[in-house]
Amino acid sequence: MKLLCGITLFSAIAVAYYIYIPLPGQISEPWKLMVLDATFRGVVWMGDVAHSVGLSHSVRVINFAVVSFESVVPVTFNEIQVEDTQFDGVHVRIYHPPGKKEGHRRRAVVFIHGGGWSLGAPKLGSYDSLCRQMSADLEAVVVTVDYRMAPDVHFPVQYEDCVQAAKHFLKAETLAQYLVDPERVAVCGDSAGGNLAAAVAQRIGIDDSISVKFKLQVLIYPVLQALDFNTASYQQNQNVPILYRKLMARFWLEYLGVDPDLIHSLLINNHTAQDQNHMSLNRSKLDWTTLLPKRMIKHYKPVIPLTGSSNVLKDVPALLDARAAPLLADEEVLRMAPRAYVLTGEHDVLRDDGIMYARRLELAGVTVTNDHYEDGFHGCVSFGFWPCFFSVGIRAVQNYIAWLEVNL
């Protein structure tokens, strides 16, 4: 009996030790987040082990777990009709609100899911629930783009898939087919999907061959650059779940299809050192010391090594490509972008990406709403649904849908 009690006590201590991580006091529901993070860390560890012994690519293992979990999430808003089809060869799902009215044109949202360009199940779980809720609450046609993902494909395939789907949907005949008002179409995405949504909005904005433009862009904690992994928010939140700084760098390397051993150079900003001439035209575009409010800069200092790795930007030119990193777009491109809603969380490594982009859009003359959550963390919108129901996620979903209700 004593042995059993001892084993039980030791096991409980071990589990608590594994689950517990120090978190900021303001973050939403910390113990719930610790359990969620512990589960995700375990999945990532299993993926890394499988990869190291040659069983499977780590991303495939992680995505298998994600899809398996999302598959058990109950379907909501059953009155919404769904249609799986293809737009110019790209798989999409279309959500139709009930009650078609003769001659009535609906608004529409093109939604692009996140997941580091490599994870996610847009037709299942939280993303399906989110799209159904948008369709129901806004009485809108919602199109979710099931773009191809890493490791099967790499940049620019994900981007081009989303551009193709968006261009097809914005054709007059397609909008007419789905009874959509061409003056009321938005593009929306979260995390890596926010990256793709911003890039697609830029592309559509400057393409003179496309007569119908997006009215709005909604970017939910978007990832927008890979040149500075030491912004104030990267420094502040590097160990805050669920998106750790190192994990974000791994996602970037997988998306761009380059050597994962470059991660150390990225994390210490060796690729953007002072002796890197390729950076001369881009430094001001991500100078967070001028683009961020002082209250967010706090005591953090820029990390710009004197000398760096000269081959990184030469070997990975996509790091400087605005299609991959929309924050690097020129002002004349930003000027053509639609009105923006940018959602950011204080406890997210990507906080500064979103806020810098919002500021650059404003400086280019674009109207921007920055909805910032002091208790927010990365992924909170997806975790506003079953079974997590994080309060900050529920509020964030309600607020950005309310913004669309007023502005779309």
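**Figure 1. Contacts of Val 333 in a predicted model.** Leaving aside neighbours within four places in sequence, Val 333 touches Gln 202 and Ile 206 (contact: heavy atoms within 4.5 Å). Val 333 sits in helix α14, residues 331–334 (helices are DSSP runs of H or I, at least four residues; strands are runs of E, at least two; both are numbered from the N terminus). Val 333 is buried, at 18% relative accessible area (buried is under 20%, exposed over 50%, partly exposed in between; 1.4 Å probe, protein chains only). The model is predicted: local features need pLDDT of at least 70, side-chain atom pairs count only at pLDDT 80 or more, and totals for chains, interfaces and linings use all residues. Residues are numbered from 1 along each chain as its sequence is written, and side-chain values use heavy atoms, with hydrogens and water left out.

**Figure 2. Salt bridge between Asp 330 and Lys 285.** The two side chains meet at 2.7 Å, N to O (salt bridge: a side-chain nitrogen of Lys or Arg within 4 Å of a carboxyl oxygen of Asp or Glu). Asp 330 lies in the loop between α13 (310–315) and α14, and Lys 285 in the loop between α10 (263–267) and α11 (288–291), so the pair ties together parts 45 residues apart in sequence. Asp 330 is partly exposed, at 38%. Lys 285 is buried, at 11%.

**Figure 3. Salt bridge between Arg 93 and Asp 128.** The closest N and O atoms are 3.5 Å apart. Arg 93 belongs to strand β2 (residues 90–96) and Asp 128 to helix α4, 35 residues apart. Arg 93 is buried, at 11% relative accessibility; Asp 128 is buried too, at 4%. A network of salt bridges links Asp 84, Arg 93, Lys 123, Asp 128, Arg 132 and Asp 146.

**Figure 4. The largest pocket.** Its space is about 840 Å³ (the volume filled by probe spheres set on grid points, which are joined across faces, edges and corners). A pocket is an open set of points on a 1 Å grid over the protein atoms alone, where a 1.4 Å probe fits, with protein on both sides within 12 Å along at least five of seven lines; lining residues have an atom within 4 Å of a point. The lining holds 36 residues, with Leu 36, Phe 40, Val 66, Ile 242 and Phe 383 nearest the centre. Helix α2 gives the most, 6 residues.
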